[in-house]
Amino acid sequence: HRFIPASEAAVGQRPAPTLLLLHGTGGTEEDLLSLGNMLFPGAAMLSPRGNVLEDGMARFFRRLAEGIFDLDDLHRRTRELTAFVRAAAETYHFDPSNIIAVGYSNGANIAASMLLSLPDVLRGAILLRPMVPFIPEQLPDLAGTAVFVSAGRMDPIVPQAQTEQLIQLLQQAGASVHANWLNGGHGIGLEDVRAARAWLITNL
Ligand code: MLT
């Protein structure tokens, strides 16, 4: 993993969050560092690499096929990632109650899984091209949690209905959700960054 401490520039009137960067399938802990820096210049960044390998590509949990997740592994890896984040907060001395996840694709899916199963871990999340990781038997209490969802109307991996279902689940759990629909596919670009940045500024 990589940890980048907060720089002086980020220390404003309000304490800057720590960004938990979660890459997509086949990514590394380096992938989202520049995105994190664009979203919140100078914020501390914790960027782990997914522990699961699929044909040599790193991911955050196992899947049986595209979009079909190994739920036992998902739950185990979600707890494992949470334990890692809590330990990192002690090692690097950042505030564990002020963490914003920034996840893309598979990374957004494990961030959504954290929200739905361990609602106290994240203060907020930026989910880029997420899916519904699992449907909880009992909804968590996400009151006070802010979530930004960025979706592509032409995403071949994430059908619109999945995004809508995730947004609904999060809202039913009490999260305040902002949906950003773009006319793009699964890849992310500057439009995502601009919208996410604007959301961060107004919601933190
Ligand atoms: C997943 O497996 O989490 C989703 O299909 C997205 C991805 O391909 O990473």
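1. A word on terms before the strands: two strands pair if DSSP finds at least two bridges between them. Helices (H or I, at least four residues) and strands (E, at least two) are DSSP runs, numbered from the N terminus. Please keep in mind that this is a predicted model, in which local features need pLDDT of at least 70, side-chain atom pairs count only at pLDDT 80 or more, and totals for chains, interfaces and linings use all residues. Residues are numbered from 1 along each chain as its sequence is written.

2. Let us begin with the pairing of the strands. Strand β8 (residues 99-104) runs parallel to β9, joined to it by five bridges, and Gly 103 sits opposite Leu 127 of β9. Strand β9 (residues 124-128) in turn pairs with β10 in the parallel sense, again over five bridges. Here Gly 124 has Ala 146 of β10 as its bridge partner, while Leu 128 faces Ser 150 in β10. On to the next pair: β10 and strand β11 (residues 176-182) are parallel too, with seven bridges, and Ala 151 stands opposite Trp 181 in β11.

3. From β10 the chain passes through helix α4 (residues 160-172) to β11 in a right-handed β-α-β crossover. Right-handed here means that, with the strands pointing away from the viewer, the path from the first strand over the helix to the second runs clockwise. β8, α3 and β9 also form a right-handed β-α-β unit.

4. How enclosed is β10? Seven of the seven residues of this strand (residues 146-152) are buried, so it is largely enclosed by the rest of the structure. A residue counts as buried if 20 or more other C-beta atoms lie within 10 Å of its own, exposed if 12 or fewer, and partly exposed in between, with C-beta atoms placed from the backbone. In a regular strand the side chains alternate between the two faces of the sheet. In β10 both faces are covered, with Ala 146, Phe 148, Ser 150 and Gly 152 on one side and Val 147, Val 149 and Ala 151 on the other.

5. β9 can be read likewise. Five of the five residues of β9 are buried, so this strand is largely enclosed by the rest of the structure. Gly 124, Ile 126 and Leu 128 lie on one side, Ala 125 and Leu 127 on the other.

6. Finally, the ligand. Its shell consists of Gly 24, Thr 25, Arg 63, Glu 66, Gly 67, Ser 105, Asn 106, Asn 109, Met 131 and Ile 157, where a residue is near a molecule if its C-beta atom, placed from the backbone, lies within 6 Å of it. This shell divides into two nonpolar, six polar and two charged residues. In that count Ala, Val, Leu, Ile, Met, Phe, Trp, Tyr, Cys and Pro are nonpolar, Asp, Glu, Lys and Arg are charged, and the others, Gly among them, are polar.
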